[in-house]
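Let's take a friendly walk through this model, from a pocket to a helix and then to some aromatic rings.

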Amino acid sequence: MGRKVVLATCTLNQWAMDFQGNLDRIIDSIQQAKAAGASYRSGPELEVTGYSCADHFYESDTLTHAWEVIAELLTHPACVDVMVDVGLPVRHKNVTYNCRLVFLNGKILLIRPKMILCDDGNYRETRWFTAWRKPRSVEDHYLPQTIAKITGQLTVPFGDAVIATRETCIGYEICEELWNPESSHIAMGLDGVEIFVNGSGSYTEIRKGHVTRDLVVSATARSGGCYLFANLRGCDGDRVYFSGDSMIGLNGCIVARATLYSLSEVEVVVATIDLDDVRSYRTLIRSRCLRAAHSSAYPRVQVNFSVSTSDELFLPSCSPIDFNLPTPEEEITYGPACWLWDYLRRSGQGGFLLPLSGGVDSSSTAAIVYSMCDLVVKAVANGEEKVLEDVRRIVSQAEYIPRDRRELCGRLFHTVYMASENSSQETKARAKLLAQQIGSYHIPISIDTLVSAALGVFSSATGFIPKFRVRGGAVRENLALQNVQARLRMVLAYLFAQLMLWVRGRQGGLLVLGSANVDEGLRGYMTKYDCSSADINPIGGFSKTDLRRFLHYAKDRLNLPILGAILEAPPTAELEPLAEGGSLAQMDEADMGMTYGELSTYGRLRKIQCCGPYSMFGKLVHRWADSATPKEVAEKVKLFFRYYSVNRHKMTILTPAYHAESYSPDDHRFDHRPFLYNYRWLWQFRAIDKAVERLECGGGGGGRVEQSGSSRSTKDSFSSITRTSSRSSDASFVGSSSSDLQRRGVEVAAESVPPQLFSVIFGNSVVLVPGNASVYVATVE
């Protein structure tokens, strides 16, 4: 009986609906696996079609073309004398399943459907697929005629079975089945399965790189065995980045692993496994042997094929390896850079354009692009021919070889500093110096003439001239003057993106990059359709706190000294004139009424721990007990939910961003919540007020708790807010006191509004509404 087997698991950078490219990469991986001596090759989930096909999985064409790819594989000379499993959608009895298809020498051995589908995070698998609900059961699947002609098979086994070769037994899990608390690898292992194979489509999130490793280690530590985990890599057409962390585990250790953050489209991980190591490990776990003695059997597909090698004496067995998981700073440096590269080379565009302000956010985006250029240069130096081919096509130079990251950045990356009368010389200088250090093609421009022209049109039509707050204008005027600057910058960004390569004598256009972080999205601290509106946003999934840590790391790692000065500068939108004495009138955290640290806390509680206003207060009143009274915590929570609900509509138009943070407010597929709220949260805030009363009375254990009246429960408190900006909200709050109304932009004399009424702005009208009415606010500008 053979003992040693050479197994290969593959990392592929597939692309949704790119059947030809996907086929080429699958064949390449099979050839590399065979060249390394492997007798078994496994690949990622849905590698034939690409994972992110979404509603294309409803189309018969998608399934038809997937079978056409299988036909090519069955007849390809590279697929001889090697057992292969690939991932694709299969329709069985008019139900579509997410499957692994195993074949050998032109014959299909098994189609194994996914038994546990994933529906959390960005996953929506039950929208397109159905889970196989017949454990340890197989049925006959009738093959398409074109496949039957090739294989000579009318039907093949379809269901939950394992494959028995001459010397071992191979079982299958698909992605979520490893994450599930009732993973089938335990039951399969008790039935004698020694090699577990998992084709996965697992995307990355910051600080979660350890999860897959821990699961593979745990799966093989409890009852022994070898685990082949294959994962996708890169951007296959959506907001997520597949981490490519394919690996091979053995008896509680990792023995082989793919390279993280690589630009290679195909990477094959190979390990030589001594099956006696699995058998000895299992024999020594006596409790496991007892359970195995009365385990239920899986259907076995008998295959007269040996995956072991006759030259096993000369093959050294694999050994455990040590590797370091990436830090959050490294995850930001390399993950979005790889994602940007995939998007750029597959978009048909000639580079990127970024409105560079010299602040933390836009500088983070610029540094990530520079990191991308660094990865490209290193990949070319390492002989990655596909990367070189893509670079030459993008820059329209057939003989070009990138050797310097700064020089490459000058070809691919364009930055524009869009100054207004409110911009400072300091930010202009920082933007210029950063552009010089990364080598981007940089242009400083002024938008004052455009702003004046827009205001001139308004003035000629209405006879009114709006003024900034510091010059005596009302809040509505102040907001409008900020918004016109921000939105004109977006228009200019796209103008420059379309024409800059024309100016430089090159073909194509540029992708506009955004630079709004995840916290600002959650709070709505941005102007709708301003220069944060872009084609893609590499930092949209990261918190401000993490971005600051990233810039500290990138300053040394990428040799960008100017990032130190950018980190020291106060964060400001620079949309208002300086206050008297030349001091900044607009500071981000003061503008928002909350710190970025608080925003991250709110975000994690809201999304990850599924907290509404009341339960969030219940957690924070203890967490912040040393720094805030219950009443202060209540006001903070209320303030957050007011801004969150009033600005939620902005999430519907967020620039597609690299998904990284588990509390992202992106409502594309990740965060499904309404965008039209009663921002007053009457019932929820009343519950908080009652809780505050009880806490202030010493817990309310023996005393009477008074009912909270509607006048108090619906009262808006903006004690931490002194002013507003276009980045904080395009809407004026309703339900405020008269002083709050003036501060938020509703110009109504205090004595003209009875206390039982509050005002709502609709267009140019002010409507008085009874104080106990429910008002639903979407967008008010």
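## The second largest pocket

The second largest pocket has a volume of about 600 Å³. Here a pocket is an open set of points on a 1 Å grid over the protein atoms alone, where a 1.4 Å probe fits, with protein on both sides within 12 Å along at least five of seven lines; lining residues have an atom within 4 Å of a point. Of the 26 lining residues, Trp-179, Ser-202, Tyr-203, Glu-205 and Lys-208 are the closest to the centre.

A word on the source: this is a predicted model, where local features need pLDDT of at least 70 and side-chain atom pairs count only at pLDDT 80 or more, while totals for chains, interfaces and linings use all residues. Residues are numbered from 1 along each chain as its sequence is written, and side-chain values use heavy atoms, leaving out hydrogens and water.

## Helix α9

In α9, 16 of the 20 residues are buried, meaning under 20% relative accessible area with a 1.4 Å probe, protein chains only. Next comes Gly-348, with a positive phi near 80°.

## Aromatic rings

Phe-641 and Tyr-644 lie three residues apart in helix α22 (residues 630–647), about one turn of the helix, and both are buried. Their ring centres are 6.2 Å apart and their planes stand at 85°, so the pair is edge-to-face (centres within 6.5 Å, planes over 60 degrees apart).

Note on methods
Points joined across faces, edges and corners; volume = space filled by probe spheres on them. Buried < 20%, exposed > 50% of the residue type's maximum accessible area, 1.4 Å probe, protein only. Helix = DSSP H or I, 4+ residues; strand = E, 2+ residues; numbered from the N terminus. Phe/Tyr/Trp six-rings, centres within 6.5 Å; stacked < 30°, edge-to-face > 60°.
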